[in-house]
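Keep the 3D view open as you read.

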Amino acid sequence: MNEPIASEVLSTLEHEAFVAIDTSEAGIAAASRDFGGLCKGIARGSIRPTSVEQIQRIVRFANDRSIHLTVRGQGMSQSGQSIPRDGFSLDVTGLAEIGKPDMTRMSVTTGPGATWRGLLERLLPAGLIPSVVPLCLDLSVGGTLSAGGFGSTSHRLGPAVSHVLSAEVVTGEGTRRICGPDRERETFDAVLGGLGHYGVITSVELGLRRVPPRVRTHYLVYDDMKTMLEDQLVLSSVEGAAHLEGFCASTVLGMRKNASGRRQPLVKWSFGLHVSEELEQASEPSGASVLSGLRHAARVHVEEDTSLEFASRYDARFAAMRLTGAWNLPHPWLECILSLPDTIGIVPEVLEMLPAFLGDGHRLTLLADTARPTSLAFPSRGPYVSFAILPMGIPEPLLRPALEALRAVHARLVAVGGKRYLSGWLFEPDDNDWRHHHNAAHVGLRAAKVGFDPRGVFESLLTSP
Ligand SMILES: Cc1cc2nc3c(=O)[nH]c(=O)nc-3n(C[C@H](O)[C@H](O)[C@H](O)COP(=O)(O)OP(=O)(O)OC[C@H]3O[C@@H](n4cnc5c(N)ncnc54)[C@H](O)[C@@H]3O)c2cc1C
């Protein structure tokens, strides 16, 4: 759709799909940007269906009229994945119904627009939780599964998409399909982790686990990264280590000259590791055995939470970002999955490449090797580590140097076979970049795009593989 949208088209769509289209200035502005704040598209309006039938009608209409649709959850991605290049935003947050847990299958079925917070409010009182929960609870389930979904249980359970038992999707021709790891595998492989390029997830059945009511977290400090990562490897087979999160922490020790003679902060890196156990009751006898054999320099803190307090522990950080205005600044986030040997080999060098104004707290956490859909690319060998640089927000005058440094980091990481997590700032990947990203799976994913979305209805500012 490259012509201006005639009001006749809008009213026909509203009439045929029984949906209202938001073409207000505010609605269009919201649909034209994302959390990344680095690119801006052209949203002609925002369509907010509330049923799968409406989605089918909208997609069929888009086929007939050559209109592009961009699937959108909460718009928290950062490289235009949820922004129309020139078309309509298909806001699926209206499909947010959460079913009753199925205790036989240990699963819950939910609409893609439900948030993780909504799921936890429903499930935690029954002592249940999705196997993998992201750190931000306000992401939509569909948006998270379209990227992959990592959380603090991923060192044992892998990404959230590994716990999708089945999914209902609407493909680019408006066809409704049920897929899963053992059913319509081609659809599952493309759509889960597929950034809305192949179809819309309209409902998903997620695996659950039982969760005790309390969590105790040990805060450990390491002088070197290799020891911290090796300890994570040990902990990944320790039953009691339910949650793991590793960090890089910087101490600025004054200014020094860099290779080109310019002064820059002299930074010493140390490494933090949070190890959390789940407990049946408060102050259960010490979990010291969880830590036995570890080689941390110090344990600096121990804390107990209810399981809800623990799951929402990042709320305070996000509230602070809103309070300081950082939330509205650009976020060129860079996440990458690396092999453990490459992490040890390359991350110290990468930390030196980062301007100090990008802050610290860069994440380094082990990821389990679980069965995954093809769209979610992993390096060719494990063990796997997720490395993430997530600045609070970059003020305009620092954006250029930030992007230059991050582009150099991106090149360094992908050169050793690292796979970018497709939520962050991905630049503008061209065909070669996608080919390199998906390796042998690229041909199949290209064929899936043609097969599931022959008229290219689903389009965003981010190119498709
Ligand atoms: C503050 C913050 C914290 C985060 N924490 C984590 C974390 O702990 N773990 C983690 O893994 N990620 C995390 N992320 C990244 C996040 O998971 C991804 O950016 C995710 O895609 C955002 O979900 P969303 O609902 O905002 O999706 P959107 O940004 O709206 O969409 C993302 C992509 O998914 C597609 N999409 C959305 N819904 C559907 C659907 N129903 N069917 C098909 N395609 C769809 C869109 O087209 C787009 O390509 C975080 C992001 C932020 C901003």
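What follows covers the ligand, a pocket and a sheet in turn.

A word on the ground rules: this is a predicted model, so local features need pLDDT of at least 70 and side-chain atom pairs count only at pLDDT 80 or more, while totals for chains, interfaces and linings use all residues. Residues are numbered from 1 along each chain as its sequence is written, and side-chain values use heavy atoms, with hydrogens and water left out.

Start with the ligand. It is surrounded by 33 residues, and the closest are Val71, Ser77, Leu135, Ser140 and Tyr421 (a residue is near if one of its heavy atoms lies within 4 Å). By class, that shell holds 17 nonpolar, 15 polar and one charged residues; here Ala, Val, Leu, Ile, Met, Phe, Trp, Tyr, Cys and Pro count as nonpolar, Asp, Glu, Lys and Arg as charged, and the others, Gly among them, as polar. Which element gives the most to the shell? That's α5, with five residues. β3 (69-72), α5 (141-147) and β9 (199-210) each supply at least two (helices are DSSP runs of H or I with at least four residues, strands are E runs of at least two, and both are numbered from the N terminus).

Now zoom in on the polar contacts (pairs of N or O atoms within 3.5 Å). An oxygen atom of the ligand sits 2.8 Å from a polar backbone atom of Leu195. For Gly143, a polar backbone atom is 2.9 Å from a ligand oxygen, and for Gln81 a backbone N or O atom lies 3.1 Å from one. The protein covers 96% of the 960 Å² of accessible area that the ligand has on its own (Shrake-Rupley method, 1.4 Å probe).

Next, look at the lining of the largest pocket. Its largest share, six residues, comes from β12, and β12 (263-279), α12 (340-353) and α13 (396-415) each supply at least two. By class, the lining has 12 nonpolar, three polar and four charged residues.

Last stop: back to β3, which belongs to an open sheet of four strands in the order β1-β2-β4-β3, with mixed pairing (two strands pair if DSSP finds at least two bridges between them). β1 (21-22) and β3 stand at the edges with a single partner strand each, so one side of each has no neighbour in the sheet. β3 runs parallel to β4 (residues 86-91), joined by four bridges, and Thr70 stands opposite Ser89 in β4.

Definitions and conventions:
Polar contact = N/O pair within 3.5 Å; in protein donor to acceptor, adjacent residues only side chain to side chain.
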